Amino acid sequence: MNNIQTEQHQSPTPTRDSVEQAAGRMIGILNDSSIALLIGVGHQTGLFETLAALPAAGSDLIADAAGLNERYVREWLGGMTSAGFVDYQPDRGTYSLRPEFVPVVTGPGTENLARTLQYVPLMGEVAPKVAQAFRTGGGTSYDDYPRFHHIMASESAAVNDASLVETILPLTGCVDALRRGISVADIGCGEGHAMNLLAATFPASTFTGYDFSGEALAAASDEASAAGLSNVRFELQDVSRLETEEPFDLVTAFDAIHDQARPAEVLKNIRAALKPEGTFLMVDINASSRLEDNVELPWAAFLYTISTFHCMAVSLGQGGDGLGTVWGKQRATDMLLDAGFRAVEVKELEEDPFNAYYVARP
Ligand SMILES: C[S@@+](CC[C@H](N)C(=O)[O-])C[C@H]1O[C@@H](n2cnc3c(N)ncnc32)[C@H](O)[C@@H]1O
């Protein structure tokens, strides 16, 4: 037995002040996590947009304008007032959304964080199953998250609409080739917006999206049909056993590697699906592989939480590796090299601080 095992572990006695601070932090978390649920409702019901469009108004007028039940709206307004999002004038009984909150809770842009906060109630839906997996191992299934694909698609569409063509694609050096006409595949394409956007922008190129969710692919095909696109198709495949007819010039994966059951196989399959002079663009979470480097990251706690409740859990639920959301740049680079890529560049974009952009060549 070594000394560490035999010594009695003695924690330093906390001071009264430090315990009070810890309790204060817990109360803050109680309030903030509760407000996350109200923000989710505000986002889903359009209440934020309604408030932003109205002058200071009573709950009956706000409920009417939003087409919602007044009693629920009044309680929601109480929570949002307590959280400091809404100003309440008691003498007139009116509520108004504070102007500085308008950009962060409304609109289609990347600054609307109410959309991102939808992950919190989504995680709550699987909490009992995840707690059980702490005891038994295993994990969850994608089917446990009925709203996941849609929330993910709306998050990634906001980034891609703002930056994919103008800022992200130039990182690959493939823009001229896309104009001339090349073949492109997207791995774990979800609801397919990235492929549809590129298909509309580069009509001379052809695009294929792969995913194993039939429901997500149906939404992808619907969007392509609605836009009248004939140069994009979506194929149901498990990419850990990817089979392609012809090699591609460009393969992309948008936040679709870290939750794979068998990420090493998927990266090897991508490498095999590329032409010798092809390019792989892997967009994945911007973090370090070392916990100690991540603690200062403003959203580190969120990343480890969503990993526990979704990304790691769905991988373990398939008997997979459970790589996790925070696999980090060092491990990602090593895995790309192990998969046979010889040159890997890692880039960061101001427009999307959540993600790192890997450009890898065979
Ligand atoms: C985090 S989501 C990203 C979706 C999309 N790329 C986006 O940015 O909106 C990961 C996607 O990978 C898909 N996926 C996971 N494992 C897969 C596998 N083995 N084969 C095919 N698709 C898979 C999931 O169904 C999901 O749509």
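Author: R147 has a relative accessible area of 25%, so it counts as partly exposed, the class between buried (under 20% relative accessible area) and exposed (over 50%), taken with a 1.4 Å probe on protein chains only. Its partner is E125, and the two side chains meet in a salt bridge with N to O at 3.1 Å; the term stands for a side-chain nitrogen of Lys or Arg within 4 Å of a carboxyl oxygen of Asp or Glu. This pair links distant parts of the chain, 22 residues apart: E125 belongs to helix 8 (residues 119-125), while R147 sits in the loop between helix 9 (127-136) and helix 10 (148-168). Helices here are DSSP runs of H or I with at least four residues, numbered from the N terminus. E125 is partly exposed too, at 42% relative accessibility.

A word on the basis: this is a predicted model, where local features need pLDDT of at least 70 and side-chain atom pairs count only at pLDDT 80 or more, while totals for chains, interfaces and linings use all residues. Residues are numbered from 1 along each chain as its sequence is written, and side-chain values use heavy atoms, leaving out hydrogens and water.

R74 is partly exposed at 35%, and E70 is partly exposed at 25%. D293 and R290 form another salt bridge, at 2.9 Å from N to O. In total, the count is 13 salt bridges.

Technical notes
Helices (H or I, at least four residues) and strands (E, at least two) are DSSP runs, numbered from the N terminus.
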